[in-house]
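Good morning, and thank you for coming.

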Amino acid sequence: MKNKEITVGQQQQEVNVVMEDEAENLDEVIVTGYQKISRERATGSFSVVTTKDYKGKMETDIMSRIEGLVTGLVNYNKQVSIRGVSTVYGNRNPLYVVDGVPYEGKIEAINPADVENISVLKDATAASIYGARAANGVIVITTRGGRSGKTRITYDGSVKFKPLPDLDYLKLMNSSQLVDLQVEGFEYYHTPYANLNKRNALNEVTELLYMAEQGQIGETELQQKLDVYRNANNKNQVKDQFLRTAITHQHNLSLTGGTEKNNYLVSLNYYGNNPYEKNRSDERIGFTLKENVKFFDWLSADFGVIGSFTKDSGKNGFDNISSSGTRSNTELSLYTGGSSYQMLRNDDGSPREWRKGKSDYELDRLESLGLLNERYVPLEELERKHYKDKSSYYRLQAGFNVKIIEGLTVDLRYQTENTQIKNRQLYDKDSYYVRNMVNDASTVDKQTGEVTMNIPSGGQLLQIEEDIYSYTMRGQVNFNRVFKEMHGVAALAGAERRLIRDTKTSVYKMGYDDHSLSYKPVNPNEMSPISGTEALSGSYNWVDWDWNYFSQDEDRYVSFYGNASYTYNNRYSINGSIRVDQSNLFGTDPKYQYRPLWSVGASWFMASEEFMSNVKWINRLNLRLTYGINGNVSKETGPYLTVEDYGYNNWTGDFSANITSPPNPELRWEKTAVTNIGVDFTMFNTRLNGTIDYYIRKSTDLLGNRDTDPTLGWSSLKVNYGSLNNKGIEVALGSINISKPDFEWRTNLNFSYNKNKITKMKHSGTTVFSYVQGVVHTKGRPMYSLFSYQSAGLDPENGAPLVYDKDGKKVSNVGSIEELEYSGTMRPPYTASLINRFRYKGWSLSFMFIYNGGHVLRDEISPYLTGSVTSNISKKAMNHWRKPGDENIKGIAPAMNRSASYTMKQVWYALDTHVIKGDYIKLRDVTLSYDLPREWIRKFSLESMSVNCQVSNLWRWVANNSDLDPEAYTTTGYGWGARTLPVPTTCTLGVSVTF
């Protein structure tokens with residue numbers, strides 16, 4: 001509270017004092033993590049978002065809540081960037097700072113309800129105080145703290161409903177079309193019946209076609225049996241058995257109060273998610289304890305303990321699990337892919353068996369040898385794999401502020417973070433995964449018939465544990481004082497020490513029993529590979545060190561920094577900062593170890609000048625100019641020779657090591673020099689306000705691959721030699737269109753444009769194929785560049801794709817990258833948002849449109865058919881070349897070609913005619929809120945209460961003719977475009993109550 005003096009009369013017995021809150025309004029300050037700066041004294045480029053800016057939004061993560069609110073901040077397909085990209089091989093993520101200290105946890109662990117202020121630092125002056133980690137921009141998150149006053153209890157809760165995706169968006173062929181294409185593929189080519197390997201399973205439709213060919217069934221019977229598959233559709237069975245509407249709910253309860261000398265915050269939060277898959281769930285429980293203590297007038301302190309605990313568990317019998325623990329192909333993949341005519345149940349309701357790779361003959365043969373039953377029944381598989389992932393996150397922090405004299409203080413701060421992760425994947429002994437592995441690895445003595453099971457019977461366990469520990473110690477001296485009401489001086493200087501240690505262990509056990517915790521050891525040297533096994537290939541290979549390994553990374557930093565600013569008469573302000581970082585990631589050459597990162601900036605508050613006094617329609621006009629150098633860290637290489645264990649080597653008969661990178665004594669920061677020109681204005685009696693920024697970012701010393709003498713042991717090395725430029729403009733406008741006591745209408749428009757170009761860097765590949773198999777980073781082009789063949793249609797003789805060479809001739813392929821066409825960048829250079837907010841008495845309505853554009857995508861097209869298919873692919877595959885003249889049909893795909901190589905296929909996939917615009921507009925959310933009148937809720941001892949309804953992704957527009965949503969898109973294979981699950985319209989209901 002503010003100090004307050006009143007006069008008390010001699011006879012006065014009772015004194016009533018109304019105290020005023022002294023807490024800073026975080027709407028009007030910029031939090032950098034090291035200091036708080038008023039908007040009027042800021043020279044850098046900042047964006048500040050507070051809770052009132054996203055009031056009513058109920059997304060469960062903070063980055064989704066601030067989407068569209070910050071110019072220059074792009075969150076495209078979950079890749080966050082600020083003002084483009086400043087590195088090729090280094091870390092591209094912005095630095096997250098929470099409560100003044102760099103944050104090493106998962107951003108999803110931050111409870112949005114606890115966030116009070118988000119400051120996005122965009123240019124060098126704003127972010128250079130963070131030195132070598134600031135080139136990608138800095139997002140500073142300030143969470144709520146204690147407040148003095150009466151005890152206040154607040155509850156926020158919401159529930160979100162997410163319906164199953166619309167399968168029509170995927171544009172897959174139906175069962176009838178799939179069967180027809182299989183018949184056509186069989187007629188085009190099939191292995192002669194006499195050459196079939198009877199150990200291999202045949203697809204159900206393919207088997208019928210062979211039976212008809214061999215005269216085992218007639219044409220009429222064939223068509224009757226094929227019609228069964230044509231008319232079958234397993235989607236309803238899959239949905240009823242495994243899927244549901246996804247429901248997410250979150251609850252936040254907080255308690256604040258205290259006195260001027262001691263105040264506190266206690267908060268609890270819960271997040272629960274029931275995803276599409278019925279047999280899975282995940283949840284998060286978090287807490288925050290904060291206390292501010294004023295021991296004396298000259299000594300104050302703040303303490304905090306933050307914790308977050310997550311659990312994700314379920315049955316996942318259909319999942320593919322990699323050695324890193326990544327899971328893919330859940331039950332949802334049965335709904336969106338596979339063969340739609342493969343039913344889960346027979347007509348009598350009994351579980352149906354599906355064919356995998358082995359025929360009935362082979363399955364019977366394996367059982368006759370004494371091996372395991374390897375038949376696959378989907379309905380029995382789900383419960384035969386289980387997973388349970390747990391994590392715990394703790395953050396302990398303590399800060400002390402000592403006032404020396406007026407304006408001079410000393411800050412001491414310490415923080416430690418610890419994240420512990422334990423992921424556990426259990427395979428039941430009866431799971432298809434284990435049965436298939438045991439059989440494939442088994443050998444049979446040809447003479448005695450003795451079976452050797454090289455994989456022990458029993459379950460299997462994959463357990464991955466990770467421990468991430470960090471600490472930050474900081475000592476800082478601050479000076480902030482105004483002399484003679486005209487000269488404002490603010491300065492700080494400090495030192496910081498940081499450590500981040502990440503330890504990871506992966507253990508894989510075979511013959512495991514979860515009740516007794518027993519397992520059976522195996523000799524990994526005898527399993528890589530095993531020859532003469534009962535696998536269809538005749539061998540089995542288990543690479544033990546892919547599954548059993550240890551790793552530890554440790555990054556250490558010592559930093560010294562300073563910042564100073566001077567403001568004259570609230571009209572002119574200059575600012576400068578410098579920072580020197582030392583790290584174990586740097587080279588050993590002294591001339592690169594102590595290079596400082598710095599910035600300077602100036603601002604002119606023009607509206608305060610006397611000559612502007614008669615310009616009544618301008619309320620505020622500030623001009624800003626800054627320049628500085630930020631840095632970025634890359635961990636792709638190191639100053640010393642890097643060697644890792646490489647397991648057992650069969651050629652040498654001994655254990656081996658692998659050199660991952662040679663020593664680089666000249667390794668140094670990647671540097672980004674940033675120039676920023678900006679203007680801030682408020683006009684027409686604050687009816688219109690805005691900010692315009694123009695920036696140039698020049699990144700140098702970027703790590704890139706450079707060719708070297710291969711006799712030295714490496715054909716190329718990663719060294720600091722590349723450069724990259726970014727230019728852009730940002731415009732943020734806000735208006736008060738109507739302002740009445742009972743009605744208000746406000747509008748915000750944000751627009752950003754970023755253009756980048758690599759000025760010095762060589763693409764890692766030099767062949768035509770290397771340029772068309774994905775995005776390219778090469779000199780003279782922007783990041784994420786796309787190159788394509790120039791389409792010349794299809795060959796009228798055989799239906800193969802043709803392209804133009806440099807002479808304009810039609811050829812099957814080209815021989816140089818100069819004959820390719822640059823198609824554009826896959827990262828949107830233009831972003832915009834339009835937000836309208838209406839208020840009528842207690843009702844509030846807001847809606848936000850977002851736009852991303854200027855980029856391109858490879859369209860989802862027909863696969864290059866090499867023969868028959870066994871799963872539902874794009875409907876476009878039905879429209880392929882069959883006879884001369886078909887090449888004139890619009891959108892026609894190539895003819896079936898069983899001899900098509902991967903390079904021939906890539907010609908088709910990478911044609912310029914298959915490049916489409918990526919521009920799109922979405923009505924991201926519509927939010928309706930109602931604040932209940934106080935006279936209604938006072939009887940229940942409530943201070944305030946509001947109810948909210950948010951509908952997200954209600955409408956979209958795309959610039960391409962394929963109706964392809966860039967947010968429901970991915971690439972597969974060699975950069976081939978593919979549709980993913982569409983983004984559904986969701987509905988969230990919420991309530992907020994304060995006692």
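Two strands pair if DSSP finds at least two bridges between them; strands themselves are DSSP runs of E with at least two residues, and helices are runs of H or I with at least four, both numbered from the N terminus. This is a predicted model, in which local features need pLDDT of at least 70, side-chain atom pairs count only at pLDDT 80 or more, and totals for chains, interfaces and linings use all residues. Residues are numbered from 1 along each chain as its sequence is written, and side-chain values use heavy atoms, with hydrogens and water left out.

Let us begin with strand β6, residues 95-98. It pairs with strand β9, residues 138-143, in the parallel sense over four bridges. Within that pairing, V98 has I141 of β9 as its bridge partner.

What stands opposite V98 in β7? The residue is V101. Strand β7, residues 101-102, runs antiparallel to β6 and is joined to it by two bridges. The two strands form a hairpin with two residues between them, and D99 in the turn has a positive phi of about 55°.

In a regular strand the side chains alternate between the two faces of the sheet. In β6, L95 and V97 lie on one side and Y96 and V98 on the other, and all are buried, meaning under 20% relative accessible area with a 1.4 Å probe, protein chains only.

Finally, the whole chain: 48% of its 995 residues count as buried, and its secondary structure comes to 14 helices and 48 strands.

Methods. Buried < 20%, exposed > 50% of the residue type's maximum accessible area, 1.4 Å probe, protein only.
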